[in-house]
Amino acid sequence: MEQLQEQLKIVKPESPWKIAARRFAKNKLALVGLIILVLMFLICFLGPLFSPYELNQTDVKNKNQAPNGDFWLGTDKLGRDILLRVMLAGRISLTVGLVATAISVAIGATLGAVAGFYRRYADTIIMRIADIFLALPTLPILITLGAILSDLKIEPSKRIYFLMLIIGLLGWVGLARLVRSQILTLREQEFMQATEALGLRDSRKIFLHLMPNTVPIIIVSATLGVAGAILTESVLSFLGLGVVPPTPSWGNMITAANSLIEFRKRPWTWIPPGLCILITVTAINLIGDGLRDALDPKMKNR
């Protein structure tokens, strides 16, 4: 009798998110990337709280010190602690990457959903705007806008917000096209016919019924977009057109390598931020690949 009851038990199907989490957990490289990224966030956002030094604290007596017991990563030409500056620079670079990606995701997902749902004129207009953005050379435009910000003499603290906004406004096109293609497919599904029969408003159809089904695409695109935004910020800051001193970022700290003396005799001034960029971007890409495989319906039998 007990065996019969067990056989008659209704097995509750596992949710897609639990299945995706299980697949992600099986991806060792993705887990390594996640652990590295979490550690990087903890070090950058909590590490400075335990430092005995201050951001702009100069000490001429200890300038250009090699890594030692007092200064684990050495000091720069002004006697500032490199470790503290690398951690605070990580805060800036990671924040720029996250906020810029959030802006591009908000714009791209919304425009892509509108284009895919309404089609016709809305689709044509939005996709032609997207084509224009794709045709624009991104790096020269960013360099030009960075030069304009420099000419306007905007304060470094406020310049960061403009930088995040610019990167976000130029990075929405790829996601918009992905969401549009997904919405075009979902629009013909039976559940959308049910929403038509219920007489729901277009806004409810888009944001409550269509958009949730594009979340996997958005998550993967956003994850990889963070890495791209961090690299973009680093390039602009390296060129002196992004985050400018005294505010540190990984990009403007690498500018120490422009000096032959710093490059050859004091590598501790530019290698740590360079390694942080490499490690962080690699970790994010590993997470993105893991999420793509975990959320891909074609992988459900693996």
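## Charged pairs and ring pairs

D123 forms a salt bridge with R180, and their closest N and O atoms sit 2.7 Å apart. A salt bridge here is a side-chain nitrogen of Lys or Arg within 4 Å of a carboxyl oxygen of Asp or Glu. D123 belongs to helix 5 (residues 120–135) and R180 to helix 8 (residues 173–186), so the pair ties together parts that are 57 residues apart in sequence. Helices are DSSP runs (H or I, at least four residues), numbered from the N terminus.

Before going on, a word on the model: it is predicted, so local features need pLDDT of at least 70 and side-chain atom pairs count only at pLDDT 80 or more, while totals for chains, interfaces and linings use all residues. Residues are numbered from 1 along each chain as its sequence is written, and side-chain values use heavy atoms, with hydrogens and water left out.

Is D123 buried or exposed? With 11% relative accessibility, D123 counts as buried, while R180, at 23%, is partly exposed. The cut-offs: buried is under 20% relative accessible area, exposed is over 50%, and partly exposed is in between (1.4 Å probe, protein chains only).

How many salt bridges does the rule give? The count is seven. Side chains of opposite charge can pair when their charged atoms come close. Here are some of the bridges:

| Salt bridge | Closest N and O atoms |
|---|---|
| D123 and R180 | 2.7 Å |
| E262 and R266 | 3.4 Å |
| R292 and D289 | 3.5 Å |

E262 and R266 are both buried. R292 and D289 share helix 14 (residues 271–295), where they lie three residues apart, about one turn of the helix. R292 is partly exposed at 44% relative accessible area, and D289 is partly exposed too, at 30%. There's also a network of salt bridges linking R128, D131 and R177.

Now for the rings. Searching the whole structure turns up five aromatic pairs. Rings of Phe, Tyr and Trp (its six-membered ring) pair if their centres lie within 6.5 Å; planes under 30 degrees apart are stacked, over 60 edge-to-face, and the rest tilted. F41 and F45 have ring centres 5.7 Å apart and planes at 10 degrees, so this pair is stacked. These two are four residues apart in helix 3 (residues 28–46), which puts about one helical turn between them. F41 is partly exposed at 24%, and so is F45 at 31%.

F117 and Y118 make an edge-to-face pair, 5.0 Å centre to centre with 90 degrees between the planes. F117 is buried at 4% relative accessible area, whereas Y118 is partly exposed at 39%.
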